[in-house]
Amino acid sequence: MADTQRIAVVGAGLMGHGIALTFAHAGRRVSITDPAEEALRSVACRVSQSMSLLGADSLEIASALDNIEICDTLPAAVTGAEFVFEAAPEKLELKQAIFAEIEAYAPASAILASNTSVIQISRIIGGLKTRDRALGTHWWNPPHMIPLVEVVKTEWTDKARAKSMFDLLADTGKMPVMVERDVPGFIGNRLQHALWREAVSLVEKGICTAEAVDDVVKASFGRRLAVLGPLENADLVGIELTRDIHSEVLHDLETSGKPSSYLDELLDRGRTGMSAGAGFREWKNGDLDAVKARVADHLRKLETILPNQAD
């Protein structure tokens, strides 16, 4: 049954090609489409490159590519699909328009999912006539290397369909978690950006450099996060100590409910990030590719030393 499941991916960019790769590598039949011809025509090449970074051999790559069908139109991609994943850019109106088209052409039994990092799913699918079959699946970048997928229910999502999505992801080798309430950022990005907010504040207030922030995270608690979650750690050190620490530090943490003005200052100075050669830190030509390769190598090594957390 599993190898006959048909998956459609709408969007062939960074996330879309990784989602397609994941299912194709697991033996599912995948159709993928994108309005940008260049993105669509380069899917096979990018899938091959991504699988090579995973350590796949030529036979595995060829087998995965055989499972991927390139479709020129959205109706062609979603026709006959049992699960449809939207992986368009993070623009609400665009996603809403795509879902209206998906609903019109996908089988009535198909489960529809939006891959978004922070937008509430209910805002994306609220205009559908069949909202009970729609939900969120937040994949992490790179989607073919990060195990976690957050399955996000809305107030309308049918529980059985959410469970079917959860089971599909688990059977494909991912580590799904169920998000019971549809809130901005879901679980992971709320946690991640709470850290980022404090990191930006530390630099903005002159408490330390950006390099110091990154070094502290990477060389201290960041090293244990892959095997010891924050609430596990709280239980490990004890709830009383956790409460005592919070009483000393929480009152002094950044609590602004809006983006830091320091981000605007960086943008105004043209310091837009690594690809521009400067953001919080200075970057050289070749650093972007080197960082991507370092992350990929680290993730591959983690897979060999960590237990299968999806079990």
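**Figure 1. C71 and the cysteines of the predicted model.** C71 is buried in this predicted model, with a relative accessible area of 4%. The closest cysteine sulfur to that of C71 belongs to C45 and lies 19 Å away, which is too far for a bond. The structure as a whole holds zero disulfides. A further cysteine, C208, is partly exposed, its relative accessible area being 25%.

**Figure 2. The aromatic pair of F23 and W139.** Four aromatic pairs are present in the structure. In one of them, F23 and W139 adopt an edge-to-face arrangement, with 5.7 Å from centre to centre and 70° between the planes. This pair links distant parts of the chain, since F23 belongs to helix α1 (residues 14–25) and W139 to strand β6 (residues 134–139), 116 residues apart. F23 counts as buried because its relative accessibility is 0%. W139 likewise counts as buried, at 2% relative accessibility. Ring pairs also bring in F85, so that F23, F85 and W139 are joined into a cluster.

**Figure 3. Surroundings of F23 in the largest nonpolar core.** The largest nonpolar core has 32 residues, and those with the most contacts inside it are I7, F23, V30, F85, W139 and M165. Helix α1 supplies the largest share of this core, namely six residues. Leaving aside residues up to four places away in sequence, F23 touches I7, R28, V30, F85, W139, L168, L169 and T172. Another core, of 22 residues, lies apart from the largest one and includes A106, L112, L128 and F186.

**Figure 4. The aromatic pair of Y262 and F280.** The rings of Y262 and F280 form a tilted pair, with 5.9 Å from centre to centre and 45° between the planes. Distant parts of the chain are linked here as well: Y262 is in helix α13 (residues 261–268) and F280 in the loop between α13 and α14 (287–305), 18 residues apart. Y262 is buried, with a relative accessible area of 16%, whereas F280 is partly exposed, with a relative accessible area of 37%. The value for Y262 places this residue among the buried ones because the category extends to anything under 20%.

**Figure 5. The two ends of helix α13.** The N-terminal end of α13 is capped by S260, a side-chain oxygen of which lies 3.0 Å from the backbone nitrogen of Y262. G270 follows α13 and has a positive phi, near 75°.

**Figure 6. K153 and its contacts.** K153 is found in the loop between β7 (148–152) and α8 (159–171). With a relative accessible area of 12%, K153 is buried. Its side chain makes a polar contact with the side chain of E180, at 2.9 Å. Apart from residues up to four places away in sequence, K153 touches K159, A162, M178, V179, E180, R181 and D182.

**Figure 7. R131 over the ring of W156.** R131 lies over the face of W156. The distance from R131 to the ring centre of W156 is 4.3 Å.

How values were computed:
Residues are numbered from 1 along each chain as its sequence is written. This is a predicted model: local features need pLDDT of at least 70, side-chain atom pairs count only at pLDDT 80 or more; totals for chains, interfaces and linings use all residues. Side-chain values use heavy atoms; hydrogens and water are left out. Rings of Phe, Tyr and Trp (its six-membered ring) pair if their centres lie within 6.5 Å; planes under 30 degrees apart count as stacked, over 60 as edge-to-face and the rest as tilted. Helices (H or I, at least four residues) and strands (E, at least two) are DSSP runs, numbered from the N terminus. Buried means under 20% relative accessible area, exposed over 50%, partly exposed in between (1.4 Å probe, protein chains only). A charge sits over a ring if NZ of Lys or CZ of Arg is within 6 Å of the ring centre and within 35 degrees of the ring normal. A polar contact is a pair of N or O atoms within 3.5 Å; within protein, one must be able to donate a hydrogen and the other to accept it, and residues adjacent in sequence count only if both atoms are side-chain atoms. Contact means heavy atoms within 4.5 Å. A disulfide is a pair of cysteine sulfur atoms within 2.5 Å. A nonpolar core is a set of buried Ala, Val, Leu, Ile, Met, Phe, Trp, Tyr and Cys residues joined through side-chain atoms within 4.5 Å.
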